[in-house]
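Please keep the structure in view while reading.

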Amino acid sequence: MQVRSTYRYAKISAFKVREVTRAIQGLPVSAALDLVSFSPKKAAHLIAKTLKSAVANAENNANLRVDGLVVKEATVGEGPTMKRMMARARGSGSRILKRSSHIRIILTDEIEIKTRDKKKGGKKAGGSKKKQTHAKGAKETKESKKAEPEKSEQSEAKE
């Protein structure tokens with residue numbers, strides 16, 4: 001079942017809020033709340049309020065367990081823009097756009113909770129250099145092993 005919550009007319013630009021909402025999509029609610037609570041952005045506080053409201057809606061209205069909830073969708077739309085004027089040089093004026101946004105979060109219990117794993121296949125640039133030097137070292141030891149029997153054969157021939 002899906003549960004949603006909307007924060008309308010938030011006094012922040014939609015561009016600034018989208019950065020945080022992209023980070024919480026697909027995460028379990030507990031992980032999303034942790035991520036938002038430790039983010040230093042103003043948008044994170046507004047998203048936290050909306051997310052907590054959605055969780056409360058799921059508990060009280062839909063009788064869902066909070067443990068199984070996942071953020072299915074977190075979208076931000078542009079709200080109305082207040083237009084103001086600021087005096088400029090030589091009697092002219094410029095516009096100030098005070099933007100607002102609508103934050104909508106949809107939670108669901110139908111999606112399986114998947115944790116984000118760290119990439120295991122990624123190789124560091126320094127690791128390949130070590131392998132090359134190691135390979136050169138291995139070649140040197142093979143050459144030195146070949147050289148040692150020749151020395152021993154020469155020493156036997158002298159005796």
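## A serine in strand 1

The model discussed here is predicted. Residue S5 belongs to strand 1, which covers residues 2–10. Is S5 buried or exposed? Its relative accessible area is 5%, and a residue counts as buried when this value is under 20%; S5 is therefore buried.

The surroundings of S5 can be described in detail. Leaving aside residues up to four places away in sequence, S5 touches T50, S53, A54, N57, I103, R104 and I105. With T50 there is also a polar contact, in which the side chain of S5 reaches the backbone oxygen of T50 at 3.4 Å.

## The nonpolar core

The largest nonpolar core contains 29 residues. Within this core, the residues with the most contacts are I24, I47, V71, I105 and L107. Several elements each supply at least two residues: strand 1, helix 1 (14–24), helix 2 (29–37), helix 3 (42–60), strand 2 (70–78) and strand 5 (101–108). Which helix gives the most to this core? Helix 3 does, with 9 residues.

## Salt bridges

How many salt bridges does the model contain? The count comes to 3. One of them joins the side chains of K41 and E19, with an N to O distance of 3.8 Å. This pair links distant parts of the chain, since K41 lies in the loop between helix 2 and helix 3 while E19 lies in helix 1, 22 residues apart. K41 has a relative accessible area of 37% and is partly exposed; E19, at 47%, also counts as partly exposed.

Another salt bridge brings together the side chains of R104 and E73, at 2.9 Å from N to O. Here too distant parts of the chain are linked: R104 is in strand 5 and E73 is in strand 2, 31 residues apart. R104 is partly exposed at 29% relative accessibility, and E73 is partly exposed at 26%. A further salt bridge is formed by the side chains of R65 and D67, with an N to O distance of 3.1 Å. Both residues of this pair, R65 and D67, are exposed.

Notes: Residues numbered from 1 in each chain as written. Predicted model: local features only at pLDDT ≥ 70, side-chain atom pairs only at ≥ 80, totals over all residues. Heavy atoms only, no water. Helix = DSSP H or I, 4+ residues; strand = E, 2+ residues; numbered from the N terminus. Buried < 20%, exposed > 50% of the residue type's maximum accessible area, 1.4 Å probe, protein only. Polar contact = N/O pair within 3.5 Å; in protein donor to acceptor, adjacent residues only side chain to side chain. Contact = heavy atoms within 4.5 Å. Core = buried A, V, L, I, M, F, W, Y, C linked by side-chain atoms within 4.5 Å. Salt bridge = Lys/Arg side-chain N within 4 Å of Asp/Glu carboxyl O.
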